[in-house]
Structures are given as C-alpha cells and as structure tokens.
Amino acid sequence: MKQKFDINRFKDNMFKYFGLACTLFGLAVLSIFLINILIEGLGRLNWQFFSSLPSRMPEKSGILICLLGSIWIMVLTAIIAVPLGVASGIFLEEYGKKNKIASFIEINISNLAGVPSIIYGLLALEIFVRILGLGKSLLAGSLTLSLLILPIIIVSTREAIKAVPKSIREASYALGGTKWQTIRFQVLPAASGGLLTGVILAISRAVGESAPLIVIGALLYITTIPTSPMDDFAVMPIQIFNWLSRPQKGFIENATAAIIVLLLITFIMNGLAIYLRNRWQKKIKW
Amino acid sequence: MAKLDAEKVNVYYGDHHIIKDVNLSIQENTVTAFIGPSGCGKSTFLRLLNRMNDYIENFKKTGDILIDGGDIYDKKVRVEDLRKRVGMVFQKPNPFPKSIYENVVYGLRIQGIKDKSKLDAVVENSLKKVALWGEVKDKLQQSALALSGGQQQRLCIARTLAVEPTIILMDEPASALDPISSAKIEDLISELKENFTIIIVTHNMQQASRVSDKTAFFYLGELVEFGDTDQIFTKPVKELTQNYITGRFG
C-alpha cells in the first residue's frame with residue numbers, strides 16, 4: 001500500500017516537472033526569437049525609418065507606405081467585416097431556427113475559420129480582382145481579409161451573445177420589449193466586452209496576414225502614399241517579406257525593425273482586447 | 001366579470017402533456033397562490049399568462065386564456081402590449097447590469113418615453129411603492145448589481161410597476177432571498193393587492209397561506225383544487241391536497 005502511494009507521488013512529481021519543462025521550452029524559444037529581433041532591429045528604429053518611402057538603398061528606405069497601407073487595411077477591413085460578422089452572429093444566435101440547415105451552416109462557419117488563408121486569396125483573386133475588376137487595390141485587399149476574418153467574428157459574436165444569461169432577456173421581454181429592443185438595449189451592451197475582444201483579435205489577425213494579399217497581387221514596389229481605397233498598396237508583412245528576400249544586410253536589418261513594429265501593433269491590440277475583457281468581467285457579475 | 005379566465009387549457013412540449021384541462025377564474029385585486037410539487041406545471045401555467053412560453057420550441061397550447069374578456073393568444077394581440085398589462089417578477093432577482101434609474105425606466109424608454117421629468121417621477125413613485133426609495137434615492141445612478149439580493153428583487157418589482165400593469169405574475173419571488181428580505185416581499189405583495197391582481201407561484205406553504213386570498217393546487221399538470229386559501233389550508237376537499245399541504249409528499 002505504502003509503495004503504491006509512493007509510485008503515484010513520483011508520477012505526480014514527474015508530470016509536474018515535465019509540464020514545467022514544456023512551458024519553459026516554449027518561453028525560451030520565444031525569448032530567443034524576440035531578443036534576436038530586438039538586437040538586430042532596434043538600432044534601425046528612428047524617425048527616418050517611419051517617415052521614409054521604400055528605396056533601393058536600405059539605409060534610406062522606410063515603412064511609411066506599408067504602415068499607412070496596414071492602417072488603411074485595418075480600418076477598411078473593420079468597416080466591412082465588423083457589421084457583417086456581428087449581424088450574422090446576432091442572426092444565427094437570436095433569430096435563426098435550430099434545425100438541420102442551421103447546424104449545417106454552423107459547422108461550415110466553424111470550418112471556414114480554419115481554412116488556410118491562401119485559399120481566401122485565390123477566391124478573392126477571382127471574384128474581387130478579376131470579376132469585379134477592383135484590381136490590386138486597398139479595397140480588394142480589405143475585402144479579401146474581411147472574408148478571412150468574418151468566420152472568426154461570427155463565432156466570437158455568437159459566443160459573446162450566448163454568455164448573456166437568459167434571465168436578462170426574460171426581464172426585457174417581460175417589460176414589453178420586442179426582440180430587437182432586447183438585443184439592442186440588453187444583450188449587445190452586456191455582450192460588448194466579449195464582442196469587442198473577438199473583433200480586435202480578428203483585426204489583429206488580418207493585420208498580420210500576407211499570403212492572401214500576395215495571391216491577389218499586392219506584392220508591389222509602391223512609392224506613392226495611398227490616398228483612396230482604389231489605390232495600390234503595400235502592407236507591413238509584405239514589406240517584411242520583400243526586404244527579407246533581398247541579399248543586402250541592410251535590408252535584413254530593415255525587415256527586423258519592421259517586425260518589431262508589427263509585433264508592437266499586435267501586442268497593443270491583443271493587450272487592448274485583454275484589458276476590455278477584464279474590465280467587462282469586473283463590471284458585470286451575474 | 002373575472003379579471004382572468006382560463007378555459008380548458010392544455011399545454012404540450014412536443015409529446016409531453018404539461019398542463020391538462022385547466023379551468024381557472026381569477027378576480028381583480030386578489031392574490032392567488034399556485035402551489036404544488038416541482039414539475040407540476042404551476043410555473044408553466046404562470047408563464048402562459050404573459051406568453052413567456054412562446055419562445056420554447058415545440059410549445060403548443062389549446063384552450064383559451066382571457067384577460068379582461070379578451071383572448072391573449074388571439075392573432076391580433078401584440079405580445080409586447082400584453083406584457084405591458086401583465087408584468088412578471090422572476091425567481092432570481094435579474095436586474096439589468098445598468099444603473100438603478102435605468103432599470104426602473106427601461107420599460108418606459110422602450111415605449112419611446114423620453115420626458116425626463118416624467119421618468120424621474122415614475123422612478124420616485126415606483127421605488128416608493130416597493131419601499132426602496134429611502135435606501136437608494138442618493139445613488140440612483142449606481143449599478144443595480146451593487147444592491148443586496150432583497151433590494152434587487154424589490155427593484156425588479158419596481159421596474160415592473162413602472163409600466164403600470166394590471167396583473168403581476170410572480171414566480172417564486174422570495175425563494176432566493178434571506179428570511180428578512182423574504183418577509184419584506186410578502187408585506188409588499190399585501191400592499192400591492194389594492195391596485196393590482198397578483199398571481200404568485202410558491203413552494204413555501206406558509207408563504208402561500210400568509211399572502212394569498214385564493215390558492216390553486218397543481219399536481220402532475222392538473223388543477224386539483226382551487227378555492228379560498230383558508231379553506232384549502234384548513235379543510236381541503238381533495239385528499240391529494242390534504243396530503244400535500246400536510247407535507248406527506250412533495
């Protein structure tokens with residue numbers, strides 16, 4: 001009896017150390033990567049780097065155009081994907097009947113969230129670039145990324161809405177609220193924490209994407225600042241990809257500096273998402 | 001004329017026959033208690049009266065329910081209008097995660113009433129009726145979730161009163177509360193009787209006998225006995241009722 005107990009205890013300890021080792025491994029790889037990037041790229045981060053157009057000389061080129069491109073893409077994608085995704089999520093969760101078609105749609109939306117991004121690029125190339133004739137414009141790029149993040153927004157909207165307790169809806173109905181009033185005044189405000197978190201994470205995913213944009217032909221050498229949704233564009237990940245494929249050491253440095261900027265953008269967005277989630281959790285306790 | 005009339009009401013959830021041939025007539029300005037063991041259909045029946053069962057899948061009802069002589073399941077009836085006339089208080093206090101003020105005026109706001117002085121007056125009036133005004137008048141803009149359970153439940157009643165219903169349905173309104181809060185709710189029910197018709201579902205037999213004028217005993221979906229509360233609790237006609245109120249089963 002005593003011996004068996006000791007074996008179990010040994011196993012328990014073993015697992016604890018095994019788990020610790022796994023965790024440390026992940027952290028170690030991540031920190032080596034980060035330190036490496038910081039050492040190589042930090043020196044390059046100055047005002048000139050942010051305010052310059054691309055150039056044939058690495059020390060003269062900068063990220064102005066692709067940074068603006070990424071901001072354009074972020075805003076346009078949000079304008080397109082957020083209303084569509086949130087509205088679909090609301091419809092599926094609140095209005096959609098629970099039948100076979102509904103569960104078929106549901107499974108497919110979840111599957112869409114897992115489709116490799118390059119496939120969305122191929123679809124967009126055919127529909128937006130060729131059939132609709134949008135070319136390699138910001139609009140085409142934003143539509144492409146909207147397709148990519150729509151399933152994520154729909155799924156997270158549904159999750160956020162599902163988390164609102166039934167008692168809140170019942171209270172609103174019992175006071176004479178219509179379905180839409182109940183959604184608009186009770187469900188959405190109560191779900192807004194989770195909703196915003198999902199939206200921000202989805203957009204931060206879109207900002208980091210390059211594959212579908214390369215497919216639609218956004219791998220260009222652009223030297224003019226985009227001023228309308230129909231302009232050609234470059235985005236941060238594509239600029240990084242571009243620089244990394246050059247042989248000169250200076251461009252590699254530029255790429256690492258741009259990676260730092262891109263990481264910073266995603267960290268800030270994810271941080272914001274976590275902050276919002278915590279704030280709402282604290283504010284609303286059922 | 002009775003305030004509320006149920007005629008040969010049957011309810012089915014899919015194949016389950018939940019309410020069986022219930023006939024019931026409730027007079028204005030009375031308190032009626034629905035008692036019976038869990039699953040007897042009393043809550044289902046209560047929720048028929050403001051059509052809260054409409055959202056349940058496979059819900060089917062036969063028979064008529066008349067309020068003030070009108071069939072509330074008639075196609076012409078807007079369910080939102082019905083619920084303004086028939087308010088409901090739930091088992092667990094369910095204030096909206098908003099300020100005390102916004103909780104009370106919600107029912108009016110969704111009717112499109114914006115006049116601030118009118119809303120202010122309704123807030124004061126409703127909160128006074130539930131004896132909550134003194135406790136919260138200086139913190140109307142604070143979150144309702146910061147109130148105690150008993151205060152929350154009284155706020156929920158105030159919120160219901162604000163839309164001026166004529167009938168108030170209460171689904172075990174005191175079962176989630178401590179004894180003192182529970183007693184306050186009971187006092188409140190007795191006061192509200194003067195202006196409202198109240199129907200209360202309760203598991204608590206003493207509560208039923210204290211607050212109600214009429215008692216209806218449900219068992220397995222049937223209305224076994226309905227009569228004056230005194231009579232039901234002292235000399236019930238049916239043996240089943242006798243057994244239940246003396247605690248021989250439940």
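## The largest pocket

The lining of the largest pocket holds nine nonpolar, three polar and twelve charged residues. (Ala, Val, Leu, Ile, Met, Phe, Trp, Tyr, Cys and Pro count as nonpolar, Asp, Glu, Lys and Arg as charged, the others as polar.) This is a predicted model: local features need pLDDT of at least 70, side-chain atom pairs count only at pLDDT 80 or more, and totals for chains, interfaces and linings use all residues. Residues are numbered from 1 along each chain as its sequence is written, chains are lettered from A and ligands numbered from 1 in the order in which they are written, and side-chain values use heavy atoms, without hydrogens and water.

The pocket contains about 870 Å³ of space. Its lining counts 24 residues. Glu94(A), Lys179(A), Tyr55(B), Ile56(B) and Glu57(B) lie nearest the centre. Helices H3, H6 (138-162) and H7 (166-174) of chain A and helix H1 (42-48) of chain B each give at least two lining residues. H7(A) supplies the largest share, four residues. (Helices, H or I of at least four residues, and strands, E of at least two, are DSSP runs.)

## Cavities

There are three cavities of 30 Å³ or more. (On a 1 Å grid over the protein atoms alone, a 1.4 Å probe fits in a cavity but cannot get out; a pocket is an open set with protein on both sides within 12 Å along at least five of seven lines; lining residues have an atom within 4 Å of a point.) The largest cavity holds about 100 Å³. H10(A) gives the largest share of its lining, four residues. By class, that lining has eight nonpolar, two polar and one charged.

The second largest cavity has about 50 Å³. Its lining includes Leu92(A), Lys97(A) and Arg158(A). Two of the lining residues are nonpolar, one is polar and four are charged.

## Helices H3 and H10 of chain A

H3(A) (residues 64-95) packs against H10(A) (residues 236-244) at about 145°, with axes 8 Å apart. (Axes are fitted to C-alpha atoms over the stretch in contact; angles run from 0 to 180 degrees.) Cys66(A), Leu67(A) and Ser70(A) meet Met236(A), Pro237(A) and Gln239(A). (Contact means heavy atoms within 4.5 Å.) Four of these contact residues are nonpolar, two are polar and none is charged.

## The sheet of chain B

Chain B has an open sheet of four strands, ordered E2-E1-E4-E5, with antiparallel pairing. (Pairing takes at least two DSSP bridges.) Its edge strands are E2 (16-26) and E5 (70-71), each pairing on one side only.

Seven bridges join E1(B) (residues 4-13) to E2(B). Leu4(B) has Ile26(B) as its bridge partner in E2(B).

Notes. Grid points are joined across faces, edges and corners, and a volume is the space filled by probe spheres set on the points.
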